[in-house]
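Hi everyone, and thanks for coming. Please have the sequence and the structure on your screens while I talk.

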Amino acid sequence: MKLITILGSTGSIGTQTLDIVRDHPDKFKVVGLAAGNNINLLAEQIREFKPEIVAIRDSNKLSELKDAITSVSPQPILLAGEEAICEVASYGEAQSVVTGIVGCAGLLPTIAAIKAKKDIALANKETLIAGGPVVLPLIEKYGVKLLPADSEHSAIFQCLQGVPEGGLRRIILTASGGAFRDLPVEKLASVTVQDALKHPNWSMGQKITIDSATLMNKGLEVIEAHFLFGLDYENIDIVIHPQSIIHSLIELEDTSVLAQLGWADMRLPLLYALSYPDRISTNWKALDLVQVGSLTFREPDHNKYPCMQLAYGAGKAGGCMPAILNAANEQAVALFLQEKITFLDIPRLIELVCDRFSSDNRPNPSLEDILHADSWARKAVLEQVSVLA
């Protein structure tokens with residue numbers, strides 16, 4: 001029985017993790033839950049899984065949450081606010097913490113969990129993208145495992161099992177191409193939020209779905225792969241794979257290429273992150289290659305997806321630049337979802353903000369440097385919106 005805590009329990013990652021717990025009550029037990037402001041779903045989760053501690057980010061909804069779970073016995077510890085999320089992350093006997101909070105908001109709770117010597121099932125890629133220079137030394141210091149729980153990095157991690165040290169030559173990240181993979185680049189100027197949210201393969205939250213449409217998600221994954229697996233950026237490639245069956249590949253020094261395949265289902269990488277190094281039997285639909293029929297690949301169009309090159313540039317610059325890129329992207333995507341900017345304004349804003357910061361970048365940033373850069377970039381995006389008008 002593994003004791004787990006889930007950060008972002010009402011989001012896509014959180015609900016799919018709880019599906020796993022529901023299917024395997026003999027393998028996993030929930031100790032803590034943390035969520036943003038979805039009172040109704042969080043109350044349902046508390047009633048079903050009976051965690052010991054719960055936090056909700058929106059303090060104004062704490063009393064409403066209390067009223068919604070009066071029938072639960074025993075009552076969990078109920079907390080509210082940003083610091084409460086960190087308290088849940090570090091609480092009690094939980095052995096593994098699933099970090100499903102979207103964006104850089106997941107960084108401080110992840111650090112709290114690491115310092116409490118919890119293994120991390122990492123579904124929040126921004127933790128390493130923005131905080132890699134700080135997080136990786138903490139992983140080593142506290143002797144915990146950092147296990148990727150997103151499909152691409154889980155695929156790489158699975159393929160690496162049994163590969164000797166020094167055997168990895170190249171990582172190949174596969175990308176679906178998002179909502180606009182078959183749309184001519186000249187038509188992107190008129191696409192709507194609703195258009196961008198129609199992902200052809202995956203069911204995900206709004207922010208990551210927009211990132212998939214811009215292919216920023218893949219650029220961010222390049223930076224994450226650099227931190228997770230230690231390869232230089234020149235040895236991390238992206239290929240468009242519309243079927244989303246191969247979740248990523250590795251090339252070894254002898255030119256052998258290994259791949260991990262499966263249906264587009266986030267539960268699989270989540271399960272492996274929680275059960276590693278074991279494999280747990282499931283009743284999920286098995287992959288049928290005859291049903292798949294064919295697997296195709298093509299090079300990404302850099303004119304269509306400028307965010308990829310912005311991410312490579314930020315990664316190579318190092319220091320706080322990945323944090324700047326990530327925060328600028330989060331803010332720009334939020335503005336697009338609010339229909340305050342166009343789809344093509346997203347990369348324009350990110351580039352403007354990265355260019356503004358470049359002269360102030362410094363190597364080996366502290367946590368305070370990273371948090372300052374994150375805050376600065378969000379404000380800078382809002383300032384730059386007027387420049388685009």
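First, some housekeeping. This is a predicted model, in which local features need pLDDT of at least 70 and side-chain atom pairs count only at pLDDT 80 or more, while totals for chains, interfaces and linings use all residues. Residues are numbered from 1 along each chain as its sequence is written, and side-chain values use heavy atoms, with hydrogens and water left out. When I say helix or strand, I mean a DSSP run (H or I of at least four residues for helices, E of at least two for strands), numbered from the N terminus.

Let's begin with the pockets. A pocket here is an open set of points on a 1 Å grid over the protein atoms alone, where a 1.4 Å probe fits, with protein on both sides within 12 Å along at least five of seven lines; lining residues have an atom within 4 Å of a point. Grid points are joined across faces, edges and corners, and a volume is the space filled by probe spheres set on the points.

The largest pocket holds about 820 Å³ of space. Its lining has 43 residues, and those nearest the centre are Ile13, Val102, Met204, Gly205 and Ile208. Which helix supplies the largest share of that lining? That would be α9, with five residues. Other elements that each supply at least two residues include α1 (12-23), β2 (28-35), α7 (151-160) and β10 (246-252).

Now the second largest pocket, with about 360 Å³ of space. Here 19 residues form the lining, and Gln260, Leu268, Thr282, Trp284 and Lys285 lie nearest the centre. Helix α11 (267-275) and strand β11 (257-261) each supply at least two of the lining residues, and α11 gives the most, with five. By class, that lining divides into nine nonpolar, five polar and five charged residues.

On to the helix pairs. Axes are lines fitted to C-alpha atoms, for helices over the stretch in contact, and angles run from 0 to 180 degrees between N-to-C directions. Contact means heavy atoms within 4.5 Å.

Helix α11 turns up again here: α1 and α11 pack at an angle of about 65°, with their axes 10 Å apart. On the α1 side the contact uses Ile13, Gln16, Thr17, Asp19, Ile20 and Asp23, and on the α11 side Arg267, Leu270, Leu271 and Leu274. Those residues are five nonpolar, two polar and three charged.

Next come α10 (residues 216-229) and α13 (residues 306-317), at an angle of about 20° and with axes 8 Å apart. These two helices are therefore roughly parallel to each other, a label for angles under 35 degrees; over 145 is roughly antiparallel, 65 to 115 roughly perpendicular and the rest oblique. Met216, Gly219, Leu220, Val222 and Ile223 of α10 meet Cys307, Ala311, Tyr312 and Gly315 of α13. This contact has seven nonpolar, two polar and no charged residues.

Last, the backbone. Where are the cis peptide bonds? One joins serine 73 and proline 74, with omega about 0°, and proline 74 sits in the loop between α3 (62-68) and β4 (77-80). Another runs from tyrosine 276 to proline 277, with omega near 5°; proline 277 is in the loop between α11 and α12 (289-292). Finally, threonine 255, in the loop between β10 and β11, has a positive phi, near 80°, though the residue is not glycine.

Methods
Ala, Val, Leu, Ile, Met, Phe, Trp, Tyr, Cys and Pro count as nonpolar, Asp, Glu, Lys and Arg as charged, and the others, Gly among them, as polar.
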